[in-house]
Amino acid sequence: MVTRLSAAVYGASTAPTVTPGKTTEVIRKTYPNYKVIVLNDDFNTFQHVSECLMKYIPGMTGDLAWDLTNQIHYDGQAVVWVGPQEPAELYHQQLRRAGLTMAPLEAA
């Protein structure tokens with residue numbers, strides 16, 4: 001004797017199940033850039049600040065370092081480099097260790 005069980009016994013429905021299609025669109029997000037900001041203080045000389053900028057910031061020229069040093073002095077601060085977080089942390093740390101007064105890193 002063969003017994004047939006209905007679909008209801010197994011809990012299966014007779015209608016097909018529709019699953020929503022997966023999106024294949026890839027959204028690329030860039031990593032944020034960070035600003036390295038030097039603050040004015042009363043103990044670093046123009047010469048020292050300018051030399052530190054040339055020593056630690058890649059591609060820094062003497063003229064640009066001097067312009068930024070003046071901006072630091074007269075405006076109270078200057079953004080001396082903008083870029084990815086890891087090198088920003090390195091330049092920030094190097095300038096701080098050289099005695100410059102640094103603002104905390106901030107996203108650009």
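How many salt bridges does the structure hold? The structure holds 1 salt bridge, a term that stands for a side-chain nitrogen of Lys or Arg within 4 Å of a carboxyl oxygen of Asp or Glu. This is a predicted model, in which local features need pLDDT of at least 70 and side-chain atom pairs count only at pLDDT 80 or more, while totals for chains, interfaces and linings use all residues. Residues are numbered from 1 along each chain as its sequence is written, and side-chain values use heavy atoms, with hydrogens and water left out.

The salt bridge is formed by glutamate 106 and lysine 35, whose closest N and O atoms are 3.3 Å apart. This pair links distant parts of the chain, since glutamate 106 lies in strand 4 (residues 106–107) and lysine 35 in strand 1 (residues 34–39), 71 residues apart. Helices (H or I, at least four residues) and strands (E, at least two) are DSSP runs, numbered from the N terminus. Glutamate 106 is partly exposed at 34% relative accessibility, and lysine 35 is partly exposed at 23%; here buried means under 20% relative accessible area, exposed over 50%, and partly exposed in between, with a 1.4 Å probe and protein chains only.

| Strands | Sense | Bridges |
|---|---|---|
| Strand 1 and strand 2 | antiparallel | 6 bridges |
| Strand 1 and strand 4 | antiparallel | 2 bridges |
| Strand 1 and strand 3 (residues 101–102) | antiparallel | 2 bridges |

Valine 36 has tryptophan 81 of strand 2 as its bridge partner, tyrosine 34 has alanine 107 of strand 4, and valine 38 stands opposite methionine 102 in strand 3.

The structure also holds 2 aromatic pairs. In one of them, the ring centres of phenylalanine 46 and tryptophan 66 are 5.7 Å apart and the planes stand at 55°, so the pair is tilted; rings of Phe, Tyr and Trp (its six-membered ring) pair if their centres lie within 6.5 Å, and planes under 30 degrees apart count as stacked, over 60 as edge-to-face and the rest as tilted. Phenylalanine 46 belongs to helix 2 (residues 46–56) and tryptophan 66 to helix 3 (residues 62–75), 20 residues apart. Phenylalanine 46 is partly exposed at 26% relative accessibility, and tryptophan 66 is partly exposed at 36%.

Tryptophan 81 and tyrosine 91 have ring centres 4.8 Å apart and planes at 80°, so this pair is edge-to-face. Because tryptophan 81 lies in strand 2 (residues 77–83) and tyrosine 91 in helix 4 (residues 85–97), the pair ties together parts that are 10 residues apart in sequence. Both tryptophan 81 and tyrosine 91 are buried.

Methods
Pairing = 2+ DSSP bridges.
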